[in-house]
Amino acid sequence: MENQSNISLSTYDLKQMILMEKQLELFRHGKLDLFDLLKNLKGFFNALEYLDINWKDAVQTELNTVEMVLDNIADGSIVRRIDDPEEAITKSISALRSLIQEVLAKYLDFPDLTVLETAILLDKKWFMCPLCTESWESNSNTAMVTCPSCNHPLHNPRYIKKN
Ligand SMILES: [Zn+2]
């Protein structure tokens, strides 16, 4: 596992993916309806430069499912009727979250040499973002962390390089 290759993810793509994850969270907490969720996810997804075809296909499939359910709700189409729309949505949302978190977790595991900034360690529990001065509690030991406010990737001052 140690020498598993890093994934190449630009700061721009990383931020898009974090925004996608945040949209899913808003939906989960009832702060976003399905229509807006889909619209926003598609917007972020279509702007991605990340080129892993399998990953993109998998995400596209789930987005298509959500779209089909929405169409189904909108026009009551019998042809494309989905037996249990609520279950289909729950499954797709959960699949989308896993797909995004998988990429983010892989990214955070390795130092990103294109990133210059390091999070500031305020004390044992708190980080501060040098870019927007947001501070947050975290026990993360991964190579990289992301600021919860500006979503910028930062080196983790706690990270100890594995040999
Ligand atoms: Zn920040």
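Which residues does Tyr 107 touch, not counting residues up to four places away in sequence? In this predicted model, where local features need pLDDT of at least 70 and side-chain atom pairs count only at pLDDT 80 or more, totals for chains, interfaces and linings use all residues. Residues are numbered from 1 along each chain as its sequence is written. With that neighbourhood in sequence left out, Tyr 107 touches Ile 7, Leu 9, Leu 14 and Met 144, where contact requires that the C-beta atoms of two residues, placed from the backbone, lie within 7 Å.

From the N terminus on, they run α-α-α-α-β-β-β-β-β, and the C-alpha trace spans about 55 × 35 × 25 Å along its principal axes. Among contacts between residues at least 6 apart in sequence, 51% join residues at least 24 apart.

The domain assignment, whose bounds come from an automatic or database assignment, gives domain 1 (11-108) and domain 2 (112-163), with C-alpha centres that lie 27 Å apart. Across the boundary, seven residues of domain 1 are in contact with nine residues of domain 2. On the side of domain 1 that touches domain 2, the elements giving two or more residues are helix H1 (11-28) and helix H4 (85-108), and H1 gives the most, with five residues.

Helix H1 also has a buried side to describe. A residue is buried if 20 or more other C-beta atoms lie within 10 Å of its own, exposed if 12 or fewer, and partly exposed in between, with C-beta atoms placed from the backbone. Buried residues make up 22% of the 163 residues in the protein, and those of H1 are Leu 14, Gln 16, Met 17, Ile 18, Met 20, Gln 23, Leu 24 and Phe 27. These buried residues pack against H2, H4, E4 and strand E5 (153-155). Just after H1, Gly 30 takes a positive phi of about 70 degrees.

Met 17 and Tyr 107 touch the most other members among the 24 residues of the largest nonpolar core, a nonpolar core being a set of buried Ala, Val, Leu, Ile, Met, Phe, Trp, Tyr and Cys residues joined through C-beta atoms within 7 Å. H1, helix H2 (34-46), H4 and strand E4 (144-146) each supply at least two residues of this core, which draws at least three residues from each of domain 1 (11-108) and domain 2 (112-163).

Elsewhere, three strands form an open antiparallel sheet in the order E1-E2-E3, where two strands pair if DSSP finds at least two bridges between them. Strand E1 (120-121) and strand E3 (135-137) are the edge strands, each pairing on one side only. Two bridges join E1 to strand E2 (residues 126-128), and these two strands run antiparallel; the bridge partner of Ile 120 in E2 is Met 128.

Ser 135 is found in strand E3 and counts as partly exposed because it has 17 C-beta neighbours inside 10 Å. Leaving aside its neighbours within four places in sequence, Ser 135 is in contact with Leu 122, Trp 126, Phe 127 and Met 128. The C-alpha atoms of Ser 135 and Pro 148, 13 residues apart along the chain, are separated by 8.6 Å.

Notes
Helices (H or I, at least four residues) and strands (E, at least two) are DSSP runs, numbered from the N terminus.
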